[in-house]
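Reader: Please take me through this model. I want the grounds for each label.

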Amino acid sequence: DTAVSQTPKYLVTQMGNDKSIKCEQNLGHDTMYWYKQDSKKFLKIMFSYNNKELIINETVPNRFSPKSPDKAHLNLHINSLELGDSAVYFCASSLRQGINEKLFFGSGTQLSVL
Amino acid sequence: QKEVEQNSGPLSVPEGAIASLNCTYSDRGSQSFFWYRQYSGKSPELIMSIYSNGDKEDGRFTAQLNKASQYVSLLIRDSQPSDSATYLCASLQGDGNKLVFGAGTILRVKS
C-alpha cells in the first residue's frame with residue numbers, strides 16, 4: 001500500500017496550458033503539503049493544509065491553487081503554465097503540524113513545460 | 001523564511017570512512033532539526049531528527065546540534081556505497097508549521 005500517492009508521475013505540457021496534480025494519503029494524517037524541487041535540488045514549501053484548512057501559503061504565484069476536498073486529499077492546480085514552473089513537485093503529509101513530525105513524501109511529479 | 005545552508009558538495013569518501021555533513025541555520029527560534037536522505041530520482045526520507053544540544057546516535061548515524069553556534073551535523077560511520085545520495089538538512093520554522101530545507105549535500109562513497 002502506497003502511503004502518499006500522487007499522480008501523474010510525469011507531466012509534459014505546453015506553455016499556457018492548465019494542469020492538475022493529485023495527491024492522496026492513506027495514513028490518517030491531519031496535515032498535507034506541497035513542495036517544489038527545482039533543478040538544483042532545492043526543496044521549497046509551497047502550501048500546507050491542516051485538516052482541510054490552509055495554514056501556509058508561501059510566496060507562490062496566484063496561478064497555483066491548492067484544493068483540499070478532505071484531509072486525505074490535497075490537489076494542486078496550475079493555470080497558464082510557464083517555463084519556470086518546470087520542476088519536481090512533491091506532496092507530503094504528517095500526522096500533525098509540529099515539533100517532531102516526520103514528513104512522508106509522495107514519489108513526486110516531474111513537470112516539464114515546453 | 002529563514003535560511004538553512006549546506007555545502008552542495010559533492011563530498012567524496014572511501015568506503016568504510018566517516019562522512020561528515022554540515023548545516024547552519026539562521027532562525028534562532030528553530031527548535032527541531034532533521035536530516036533527510038534523497039536518492040537520485042526518489043523522494044526524501046527521514047533518517048534522523050534532533051531537538052536538544054549534543055549528540056544523538058542511531059546505528060551508523062549520529063546527529064549533532066549546537067544551538068549557540070546554529071550548527072547541525074550528520075556523521076555517517078563505516079560509509080557504504082549505498083549511502084551515496086543527497087542529504088537534506090531541515091529546520092522547523094514558523095511556530096512549528098513549516099519545514100525549511102537546505103539545498104542538500106551530495107555524498108559519494110567510493111568502493
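Author: What follows sets values against their definitions. The model is predicted, so local features need pLDDT of at least 70, side-chain atom pairs count only at pLDDT 80 or more, and totals for chains, interfaces and linings use all residues. Residues are numbered from 1 along each chain as its sequence is written, chains are lettered from A and ligands numbered from 1 in the order written, and side-chain values use heavy atoms, without hydrogens and water.

Reader: How do you know that the radius of gyration of chain B agrees with a compact globule?

Author: The globule rule is 2.2 Å times the number of residues to the power 0.38, and the radius is taken over C-alpha atoms. For 111 residues a compact globule would come near 13 Å; chain B has 13 Å, so the two agree. The C-alpha atoms fill a box of roughly 45 × 30 × 20 Å along the principal axes.

Reader: Which strands form the open sheet in chain B, and in what order?

Author: Five strands do, in the order β1-β3-β8-β7-β6, with antiparallel pairing. Two strands pair if DSSP finds at least two bridges between them.

Reader: Why are β1 and β6 of chain B said to stand at the edges?

Author: Each has a single partner strand, so one side of each is left without a neighbour in the sheet. For β6(B), five bridges join it to β7 (residues 61-66) of chain B, running antiparallel. One of the bridge partners is B:Leu65 in β7(B), which faces B:Gly54 as its partner.

Reader: Why is B:Asp78 called partly exposed?

Author: Buried means under 20% relative accessible area, exposed over 50%, and partly exposed in between (1.4 Å probe, protein chains only). B:Asp78 has 42%, so it is partly exposed. B:Asp78 is in the loop between β8 (71-76) and β9 (85-93) of chain B. Its phi is positive, about 50 degrees, although B:Asp78 is not a glycine.

Reader: And what makes A:Lys41 count as partly exposed?

Author: Its relative accessibility is 42%, so A:Lys41 falls in that class. A:Lys41 lies in the loop between β4 (31-37) and β5 (43-50) of chain A. Phi of A:Lys41 is near 75 degrees, a positive value in a residue other than glycine.

Key
Helix = DSSP H or I, 4+ residues; strand = E, 2+ residues; numbered from the N terminus.
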